[in-house]
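Hi everyone, thanks for making time this morning.

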Amino acid sequence: MRIQIFRQFLHNEKSGGLVLILCTLISITIANLSFGSLYQGFWHISFLGLSIEHWINDGFMAIFFLFIGLELEREIYEGALSKLKDALLPIFAAIGGIVVPASIYMIFNHGTPTQSGAGIPMATDIAFALGILSLLGSRVPITLKIFLTALAVIDDLCAIIIIAVFYTNTLVITNLLIALVIFVLLLLLNKLKINSIIPYIIGGIIMWYFMLNSGVHATITGVLLAFAIPYRKKSVSTSNKLEKFLHIPVAFIILPLFALANTAIDISGQLSDTLSENYSIGILLGLVIGKPLGIISFILFSILVGCCKLPKTFTLKDVVGVGFLAGIGFTMSIFITLLAFTDITIINNAKLVILISSLIAGTIGFVILKFSLPQIIKTKL
């Protein structure tokens, strides 16, 4: 039953990834037409005190992080992270995929105004990565898909922690405390076995408002809310229902809107100049080289010291391919870019480099897996 649900989940991820690619291409194309400035200006129109882009990045993306939190909660309770022995392999892989790319970035940017971008090459876009993996069809063992999912979810969790800790400039303690008090009250509702979603949604909206005005990025509210919502093992809980409900809106509305609003990039400048910037080199090498290098090296270390072992259903060559797929940063990398930099030129250049890096990493990963995974031999009846 779990395998069937997971296969359906992967099918939706594949479709969502294709929609993201389409929206990105549309956005970049329109931004570089004669009326591109009007398109870019649209996203900065003010609505209820915030720009449309701001509503998407701080409001809609909080729902995306809620969905990520619900996924993580499920994995911890009953999925790939429920047993420490099974969880160690993707945990080691995720740590390597965070430390090495960030270190490569800092080699080129330490002590410069752009060193705050070290979090950019740490992230993995789960929708794109699983979408590319799904293109290989039934040749991909389900254990490899689960490994990539767990790796990406841990990556996202670490990215969320990094956002909360390192990308908070000014802190309004009163508002933060109010948000945390609301979170505690929601946890209490969970403890009292209040399963109705309504009080959690109302509390989540109020918590989001105070978090937005606290200095801590408002999207953190989504993750906190996810862990406050009741999850009951071996039953259809409130968390299960909400995750299932959010899957389609997140994949086909929220993430495409994020792509449209944040990839309206003018690429009329010299690409060679953009790629020669230190932050560009750090992002490119971090995602394309750092991600697979970090993942495979930390996995080899964990195997060497006896902490982990590879499942019999996939090999180290397959892990290398998955390592490159993890270099598809896109959504999370662009999101961190918006927090790391304030200069619009640097932001747009970094977005372009993220797109190029993700394309390169995804292509290499696909090619490696295409040749490393066993061929399916079709027999005539």
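Of the contacts in this protein with a separation of 6 or more, 82% are between residues 24 or more positions apart, a contact being heavy atoms within 4.5 Å. Please keep in mind that this is a predicted model, where local features need pLDDT of at least 70 and side-chain atom pairs count only at pLDDT 80 or more, while totals for chains, interfaces and linings use all residues. Residues are numbered from 1 along each chain as its sequence is written, and side-chain values use heavy atoms, with hydrogens and water left out.

The protein has 15 helices and two strands; these are DSSP runs numbered from the N terminus, helices being H or I with at least four residues and strands E with at least two. Buried residues make up 53% of the 381, where buried means under 20% relative accessible area with a 1.4 Å probe, protein chains only.

Now to the second largest pocket, which holds about 630 Å³ of space. A pocket here is an open set of points on a 1 Å grid over the protein atoms alone, where a 1.4 Å probe fits, with protein on both sides within 12 Å along at least five of seven lines; lining residues have an atom within 4 Å of a point. The volume is the space filled by probe spheres set on the points, which are joined across faces, edges and corners.

Which residues lie nearest its centre? They are His-54, Asn-57, Asp-58, Leu-338 and Leu-339, out of 29 lining residues. Helices H3 (52–78), H8 (197–212), H14 (330–340) and H15 (344–372) each give two or more residues to that lining.

Helix H8 is also the place of Tyr-200. Is Tyr-200 buried or exposed? Tyr-200 has a relative accessible area of 0%, so it is buried. Not counting residues up to four places away in sequence, Tyr-200 touches several partners, including Leu-186, Asn-190, Ile-229 and Pro-230.

Our second residue is Val-322, in helix H13 (residues 316–325). Val-322 also counts as buried, because its relative accessibility is 0%. Leaving aside neighbours within four places in sequence, Val-322 is in contact with Leu-144, Phe-147, Leu-148, Leu-151 and Leu-369. Val-322 and Ile-364 are 42 residues apart in sequence, and their C-alpha atoms are 9.8 Å apart in space.

That's my tour, and I'm happy to take questions.

Notes. Buried means under 20% relative accessible area, exposed over 50%, partly exposed in between (1.4 Å probe, protein chains only).
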